[in-house]
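Student: Please take a close look at one part of this model and walk me through what can be read from it.

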Amino acid sequence: VKPASPASISSSKLPPSPWQEDLLLQLSAQEEVLAWIEVDLDIQLRFSRELVAITNRRIMAKPHVEGNWKEWSYRGGLVLERHDHAGVGSLELHDGTARLARWRYTLGQNIAAMRVLEQFEQQLAAHVSGQPVVHSAIAVCPNCKAPLDPEEEECPVCTREIHTPPSTWTLFRLWRFTKPYSKQLLAGF
């Protein structure tokens, strides 16, 4: 395996610094990192770090603690599924017969997980069909599907929703729950 040239990963596609050098050493010539996620939970749902990277040739994973890289080349029957339940997301890699890997993460990593899933599906379809990946001319937000400018890292629609203060009507809707405690609330005010 030859070290990749610095041009094989754009700065926006670089994982956090503890993973960069090791990942670059794993890449072969003409291999490019397209998406990655730093999952933050292990199988027992304890906090632990692991990197999952999607390249134009394979999917790669490495546990943070002295583990070896695992890799799966794109082939027919390979499926990556994303699930979330009770604040925990998971990515599961399957082939036609068995589950090959499972990575769990907190929902703070959900956007990265959706990006990984999207790139995986594009690359898998390209390898199975033999056709090159056709990239959309317009980038869209993975959450709300709003169009993004190429220079934007965050979606202006999603960030506006986060920073919009709640309506006063929200408090009035809560009144029905506070009725039994109205005397105590009145005394408190």
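Tutor: Helices and strands here are DSSP runs, numbered from the N terminus. The model is predicted. The part to look at is helix H2, which covers residues 110-129. H2 has 20 residues, and at 1.5 Å a residue it should span 28 Å.

Next comes burial, where the cut-off is under 20% relative accessible area. The buried residues of H2 are Asn110, Ala112, Ala113, Met114, Val116, Leu117, Gln119, Phe120, Gln123, Leu124 and Ala126. In an α-helix there are 3.6 residues a turn, so residues three or four places apart point the same way. Strands are part of what covers the buried residues of H2: E1 (33-41), E2 (47-55), E3 (58-63), E5 (79-85), E6 (88-94) and E7 (99-106) are included. After H2 comes Gly130, with a positive phi near 80 degrees.

Gln30 sits in the loop between helix H1 (17-26) and E1. Its phi is near 65 degrees, although Gln30 is not a glycine. With a relative accessible area of 69%, Gln30 is exposed, because exposed means over 50%. Leu45 lies in the loop that joins E1 and E2. Leu45 is likewise a residue other than glycine, and its phi is positive, near 65 degrees. Its relative accessibility is 41%, so Leu45 counts as partly exposed.

Key. Residues numbered from 1 in each chain as written. Predicted model: local features only at pLDDT ≥ 70, side-chain atom pairs only at ≥ 80, totals over all residues. Heavy atoms only, no water. Helix = DSSP H or I, 4+ residues; strand = E, 2+ residues; numbered from the N terminus. Expected span 1.5 Å × (residues − 1). Buried < 20%, exposed > 50% of the residue type's maximum accessible area, 1.4 Å probe, protein only. Contact = heavy atoms within 4.5 Å.
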